[in-house]
Amino acid sequence: MQFLQPFMLWSFLLMPLMAGVYVWLLRRKRQQAVSFSAVSWILQNIETPSAWRRHVPPALLFVAMGLLLFASARPVARVTLPADYMTLIMAMDVSRSMLAEDVDPSRIKAAQKAAKDFLQDLPPHIRVGIVSFAANAQVVQHVTPQREELVEAIDRFQLQRGTATGSGLLMALATLRPEAKLDLEKILFPSSPTGFGGDAGGGQNNSARSLDAKPPEKERAPEPPGSFKGGAIVLLSDGRRTAGPDPLWAAQKAADLGVRVYTVGFGTPNGFIPGFEGSSFFTQVDEESLKAVAKITEAEYFKAGSADDLKKVYQHLSNQFTLEKRDTEITALLSGAALLMVVLALVLSAIWFRMGDPGPMKIFRHAQSPNKA
């Protein structure tokens, strides 16, 4: 827990002072009762409530005062509240490695089914867009609330060569936040004889893929990571990056725009594509990069080694986009609790002291009785 005005915590020094004043008033009341015999006789004949009841209302007021003093420091706590995500971009890997059959019936079919189930579980107010990526990235469905259009877009996936995880992330980022005006043409297709800037295989000599050779762009003040609440990105990949920009650099671009990128590594370490172009080859998930992307953007990484695992991941994400934990000022909550304490103290005082009130007539009769003279 943090405090926006921590210096106000010094006001808690008033609490012992108030407790001391209360004890002093009780003792003063007893001394006055002993000094005046008539008052002492009346107090002895009044049917008063039990001793503990007399202290409950003041105790409630004492707690209420403590809550108000605590609230004056404006505490901020991490609480679970309804999420206000309005747009979600799904960036899905459609590289040839998705043909691997280590996930029944295959990675691509399991991913398509899980994604469609995920869309149906999302709250209806959340709009979704879909980006697919292999060697290049493209928007296969613009942002829409229509679940039928999204399902049709997923069914139209065409597998291609290469895995440009960074390209998919940047395309999803540009789709989610078009006002940022990311120059994807310069980032993804810098001027070069090949059109891809040097090493077409995605090596370190590629100017578009190196952290040391970022294209010039207009300066934009970075936003705090995870601060953008209008949407998020879910990136699913099953293999290592073989083309396109460095996904870590792309993740930093997302973090500078305050966008969270939830990453999903799909597949097993022993996945392979059988009979592809006359031979089989293994394909392995780049978990380290996916974990780093999620960490940079203050999101989460999920590992799904089976269709059931992927379904559970999507179910968790569905809950994530419905309820989320965020740092929220709880001053109003504490003030409301203090008000409730005050009202409760007043109600209990009215009930208990009215029940214990002997009435003036009963005191008068006792005063007139000769046996009490």
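Modeller: Let me begin with a term: two strands are said to pair if DSSP finds at least two bridges between them. Helices (H or I, at least four residues) and strands (E, at least two) are themselves DSSP runs, numbered from the N terminus. This is a predicted model, in which local features need pLDDT of at least 70 and side-chain atom pairs count only at pLDDT 80 or more, while totals for chains, interfaces and linings use all residues. Residues are numbered from 1 along each chain as its sequence is written, and side-chain values use heavy atoms, with hydrogens and water left out.

Biologist: OK, how many helices and strands does the chain have?

Modeller: There are twelve helices and eleven strands in the chain.

Biologist: And in what order do the strands of the open sheet come?

Modeller: The open sheet has six strands in the order E5-E4-E3-E6-E7-E10, and its pairing is mixed. At the edges sit strand E5 (137-144) and strand E10 (301-304), each of which pairs on one side only. On average, neighbouring strands of this sheet are turned by 15° against each other, direction ignored.

Biologist: What joins E6 to E7?

Modeller: Strand E6 (residues 231-237) and strand E7 (residues 261-266) run parallel and are joined by five bridges. If you want a place to look, Ile233 stands opposite Val261 in E7.

Biologist: Which helix packs on the sheet?

Modeller: That is helix H4 (residues 107-121), which touches strand E3 (87-93), strand E4 (127-133) and E7, and whose direction makes about 175° with that of E3. For such angles, axes are lines fitted to C-alpha atoms, for helices over the stretch in contact, and the angles run from 0 to 180 degrees between N-to-C directions.

Biologist: Staying with E4, is Ser132 buried or exposed?

Modeller: Ser132, whose place is in strand E4, counts as buried because its relative accessibility is 4%. Buried means under 20% relative accessible area and exposed over 50%, with partly exposed in between (1.4 Å probe, protein chains only). Leaving aside its neighbours within four places in sequence, Ser132 is in contact (heavy atoms within 4.5 Å) with Met92, Val94, Ala137, Gln138, Val140 and Phe157.

Biologist: How much of the chain counts as buried?

Modeller: Of its 373 residues, 41% count as buried.

Biologist: New topic: how many residues of H8 are buried?

Modeller: Seven of the ten residues of H8 are buried, so this helix is mostly covered. The buried ones are Pro247, Trp249, Ala250, Ala251, Lys253, Ala254 and Ala255, and what covers them includes H6, helix H7 (184-188), E7 and H9.

Biologist: How do H6 and H8 pack?

Modeller: Helix H6 (residues 165-176) and helix H8 (residues 247-256) pack at an angle of about 15°, with their axes 8 Å apart. They are therefore roughly parallel to each other; angles under 35 degrees count as roughly parallel, over 145 as roughly antiparallel, 65 to 115 as roughly perpendicular and the rest as oblique. On the H6 side, Thr165, Gly166, Leu169, Leu170 and Leu173 meet Pro247, Trp249, Ala250, Ala251, Lys253 and Ala254 in H8. By class, this contact has eight nonpolar, two polar and one charged residues. Here Ala, Val, Leu, Ile, Met, Phe, Trp, Tyr, Cys and Pro count as nonpolar, Asp, Glu, Lys and Arg as charged, and the others, Gly among them, as polar.

Biologist: And which residues of H8 meet H9?

Modeller: Pro247, Leu248, Ala251, Gln252 and Ala255 in H8 meet Ser289, Ala292, Val293 and Ile296 in H9, a contact whose residues divide into seven nonpolar, two polar and no charged. The axes of H8 and H9 come within 9 Å and cross at roughly 15°, so these two helices are also roughly parallel to each other.

Biologist: Where is Lys291?

Modeller: Lys291 lies in helix H9 (residues 287-296) and is partly exposed, because its relative accessible area is 39%. Apart from neighbours within four places in sequence, Lys291 is in contact with Thr263 and Tyr301. Its C-alpha atom is 9.7 Å from that of Lys303, twelve residues apart along the chain.

Biologist: Last one: is Lys311 buried or partly exposed?

Modeller: Lys311, which belongs to helix H10 (residues 307-320), counts as partly exposed at 43% relative accessibility. The C-alpha atoms of Lys311 and Lys113 are separated by 8.8 Å, although these residues are 198 apart along the chain.
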